[in-house]
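Subject: Two-chain model, handover and notes

Dear colleague,

Please read the notes with the structure open.

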Amino acid sequence: MKQHPLCTDTEQASHVMDLAIPAQMKREWAELQTRRHFLGRTGKVLGWAAMASLLGGRALKGDAHGPAYGQPGADQLKLPHFAPKAKRAIYLFMSGGPSQVDLWDYKPNLAALYDKDIPDSVRGAQQLTGMTAGQARFPIAPSHWTFKRYGETGTFVSDLLPFTGSIADQLAIIKSTNTEAINHEPAIMLMNTGNMNAGKPCLGSWLAYGLGSMNDNLPTFMVLQTKLNTHENNQPVSSRLWSSGFLSSEYAGVGLRAAGDPVLYLTDPDGVDREVRRNMLDAVNEINRQTYQELGDPETNARISQYEMAYRMQTSVPELADLSKEPKSTWDLYGPDAKEPGTFAYNCLMARRLAERGVRFTQIYKRGWDMHDNVTVTLPIICGEVDRACYALVTDLKQRGLLDDTLVVWAGEFGRTVYSQGGLTPDNYGRDHHPRCYTTWMTGGGVRTGITYGETDEYSYNVVKDPVTVRDFNATILHCLGIDHNKLTYNFQGLDQKLTGPTPASVVQGLLA
Amino acid sequence: MFADRWLPKSKLTRMTWMAALALSLLLMLLPWIVRLDGKPHADWQQFLGRFHPLAVHLPIGLLLLVPLLELAGALRPALREAAGFVLGLAFAGCLGSLALGFLLAYGGGSVGTVVSRHMAGGIVLTIGAMLCLLARPWWAQKAVAHVYPALLICTLLAMFWTTHQGGTLTHGSNYLTQYMPDGLKRWSGLEQTPAAGSFYAKHINPILDSNCVACHGEGKVKGGLRLDSYALLMRGGQDGPVIVAGQPEKSVLLTRVTLPPDQKHFMPAEGKPPLKAEEIAWIQAWIQQGASPTATTLTGIAMREETAELPLQPVGDYSALMAEIRQMDQGQGPKLKQLSSKPEDGLILFTVDSSASFGDAQLAQFQKFAPYIVDAELGRTAVTNASFDTLKQFTHLRALHLEGTEITGEGLAKLAPLSQLTYINLSGTQVTAGAVAPLSAMKNLRHIYLYNTPAQPPPAAQPATKSAL
């Protein structure tokens, strides 16, 4: 096997006899090469050879493997495991940790407890972040907003979310989601990849790997970033969150940019036409195929298919991003924000268009929910950006008949504390990270709608009924898409790795239609 | 002569009989000596008591062994000798289990008719075993022929009855019959278990489940009342039944949920949200009309019926076509993919890669796959009304996507034979109300999407709550 072109460690180790060492040592070395030495080494070599053949072909080749070029993973993996209710999913990721206390988890009794300390018995041994660990008091900050009943189910939703409230009957609201992490990066990694440490594939990559593509002209997994709003505390999100980890990089999420061209360098430069581009790609692919023949690195195949995908996206993405044919009713539904690329409303509209075009998994990141202070000023701003768009997306999918086989998920990485971080005044307060309970919702294919699942205590601090861990949450999402979370595995580092990790997880039956 | 046989012969035997009589009396008075008051008592009692369900199986097994040994003893006398010993052990086991059972009931605060019956059964059974033990020597000596066999049979019958009561306590009253074939259930007259489609199962039980069972369920049994099954609901709590069939005004359950919410006895307690007016109306009507576990409809209560989705019908064997399906998968263009790993779930036809060039002619090429396709994704393709001639052969089709196509709806009636079609999407086409009318005759076709078509004007875009912002 030839040296890899990128491998710089090509120097030959010099022989003992050429080294500048005393002649006596060289003689000793030569004498060591005895018959006994030879026989001993030969025995070991034979042993290793026997072991290699016993362990089978893959034993000494490392873990990097993937489906051969052009072989969709789904076909090999025998997926979906059972007939799915949803073919695709849209995940609205509320990065930063939305406040369940102010949006969903209605606790009218807290008003009477304004500025009283939350009982230690409720708080228990909960670890605190560095931001509130030094606080002398933990004064209860009741929500600044009132809640109203919505729909036939009479679900209470905050006045901050009137649009989403109006579709409460169509949602499965989960009040008992809970996580183990208390800081953004580990929590957001846990939600997306099932592990707090980087390096594992995210939900979208698992889906792309497991279910394969429905449209070869667009990526199977797409990520839409929402433009920053400078009023908010924007925790960064990074491509780690849509990384394919140890899976082939074909399954990583492909991002559309929030401003300017959705994909950079997508248009051919002047003087390069489609045919020239095609010829160039054919040549590059041929070279890559030769490299694959020689080195057998599956990432080479990933590279070939990514070049091909980019070529096809040169026509499919402009068509996708062309909103001129959207009827007036679309703009009436999503609101004026949707005309401006990069807004959450625009991304929701794009998510619907991606769903129509057979994209398996679309994840929209909306940052800015991390409100450690000034909640009463910033929360209405971000709710204003998100509320109508969520309503519009669900309504639009429903009226177009897409909600039957599309799963929609709304979730952040954790919730927020019922007590105030920093000063509590009648008009304002802050809220720290809270992992023990937070509210998420799902709707669409496979989900039992018009329900509220799980209950929290009267402080919105602990789950008292039907807890849903991040593992259970992800197992349920996979279930809706026809996947048994225990069976979608990938052997890496000696483990059958899976999204839900080694700790047992269960599909939340109460959430299923 | 007769008296001779019956009178105890020695002082020892007389003593034994006196002791037996005293023990029987004591056992019979036990329920009055140790009254079950429905309150939990010492933990150690519960700790020991919980071994009762384990310990009972020993005397049960031994008692069952006795008649077998006696019968087998006719052939091998040694076995009959063993029967006496086994019977003695069984009696000792009965006494032990009885004691543990009492600890369980008293310590754990269990009350109720089934508990009482189970307890009475246990006492009768123990006394029966003792009498058998005393009567057996006569029989063995062939002095009195029939008393022992009769006693043994009675004891065994008592045992079956008692163990059944015990099983009911542990597993619930419908444990045995839950999965009984329907025919057998009807034949045996056991239809009392709530049927899955009954009003109780579909509407009453879910209300109780989400509002009451947290405190009146398996985990917590406030006031001795459990509402997590029909039998328990009808049994009531420590103050008696809570449902009086036909008499809502006498049913405590209904009274308690309709009190003013600030009253002490109002349910659900502890500030939990009150039942909705609609739910109260259902409960009232259900009690009024007999609190039946099986009735599926109530007069005066109209429910939005959710009909179950048509289950997947297996398609035929298409393994001969697999090579072709795989070949399609390799290249660009339309593809057939399995709905799931089970081939019999059928195929999905995806055309989105090449939607602009996929027309009626291309669709016609899929004719040989027609009976295996369950989902045809033809949205935004170039198919026209002529496609219905091909599509009508897709006998197992469940979902048909035609959104954004040139379909005008003429010929939609040709789809009528597709008995499994549950979903059709005609959004963004030019279909008219008249053209889609034939679809309403298709029984399983429940999801018809006509958004943005002349058949359905676009709905109001804003929710009613817009003014709240």
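A residue is called buried if 20 or more other C-beta atoms lie within 10 Å of its own, exposed if 12 or fewer, and partly exposed in between, with C-beta atoms placed from the backbone. By that count A:G212 is buried, with 23 C-beta neighbours inside 10 Å.

Two notes on conventions. Residues are numbered from 1 along each chain as its sequence is written, while chains are lettered from A and ligands numbered from 1 in the order in which they are written. This is a predicted model, in which local features need pLDDT of at least 70 and side-chain atom pairs count only at pLDDT 80 or more, whereas totals for chains, interfaces and linings use all residues.

The chains

Helices (H or I, at least four residues) and strands (E, at least two) are DSSP runs, numbered from the N terminus. Chain A has 14 helices and 17 strands; chain B has 17 helices and six strands. Of the 513 residues in chain A, 47% are buried. In chain B, which has 469 residues, the buried part is 32%.

Two residues are in contact if their C-beta atoms, placed from the backbone, lie within 7 Å. Taking contacts in chain A between residues at least 6 apart in sequence, 76% join residues at least 24 apart. For chain B, 60% of the contacts with a separation of 6 or more are between residues 24 or more positions apart.

Where the chains meet

The contact between the chains involves 35 residues of chain A and 31 residues of chain B. On the chain A side, α6 (162-166), α11 (328-334) and α13 (375-399) each supply at least two residues. The most come from α6(A), with four residues. In the classes used here, Ala, Val, Leu, Ile, Met, Phe, Trp, Tyr, Cys and Pro are nonpolar, Asp, Glu, Lys and Arg are charged, and the others, Gly among them, are polar. The side of chain A that touches chain B then has 12 nonpolar, 13 polar and 10 charged residues.

Cores

A nonpolar core is a set of buried Ala, Val, Leu, Ile, Met, Phe, Trp, Tyr and Cys residues joined through C-beta atoms within 7 Å. The largest one has 119 residues, and A:C348, A:L407, A:V409 and A:L481 have the most contacts inside it. Helix α13(A) gives the most to this core, with 12 residues. Another core, apart from that one, has 39 residues, including B:L363, B:F366, B:F394 and B:L412.

Neighbours within four places in sequence aside, A:L481 is in contact with A:P80, A:P84, A:A86, A:A89, A:L207, A:L211 and A:L407.

Helix α8(A) and what follows

Nine of the nine residues of α8(A) are buried, so this helix is largely enclosed by the rest of the structure. Among them are A:W206, A:L207, A:Y209 and A:L211. Just after α8(A), A:G212 has a positive phi of about 75°. A:G212 sits in the loop between α8 (203-211) and β5 (221-225) of chain A. Its C-alpha is 7.9 Å from that of A:R360, although A:G212 and A:R360 are 148 residues apart in sequence.

A:S460 is in the loop between β13 (455-456) and β14 (463-465) of chain A. It is buried, with 28 other C-beta atoms within 10 Å. A:S460 and A:V101 are 359 residues apart in sequence but 6.7 Å apart in space, C-alpha to C-alpha. Beyond four places in sequence, the contacts of A:S460 are A:Q100, A:V101, A:D105, A:K107, A:V418 and A:C437.

Two helix pairs

Axes are lines fitted to C-alpha atoms, for helices over the stretch in contact, and angles run from 0 to 180 degrees between N-to-C directions. Angles under 35 degrees count as roughly parallel, over 145 as roughly antiparallel, 65 to 115 as roughly perpendicular and the rest as oblique.

In chain A, the axes of α12 (residues 344-356) and α13(A) come within 8 Å and cross at roughly 20°. The two helices are therefore roughly parallel to each other. Their contact has 10 nonpolar, no polar and four charged residues.

In chain B, the axes of α10 (residues 199-211) and α13 (residues 277-288) come within 10 Å and cross at roughly 130°. That makes α10(B) oblique to α13(B). B:F199, B:Y200, B:H203, B:I204 and B:I207 of α10(B) meet B:E279, B:W282, B:I283 and B:W286 of α13(B). These residues divide into seven nonpolar, one polar and one charged.

Regards
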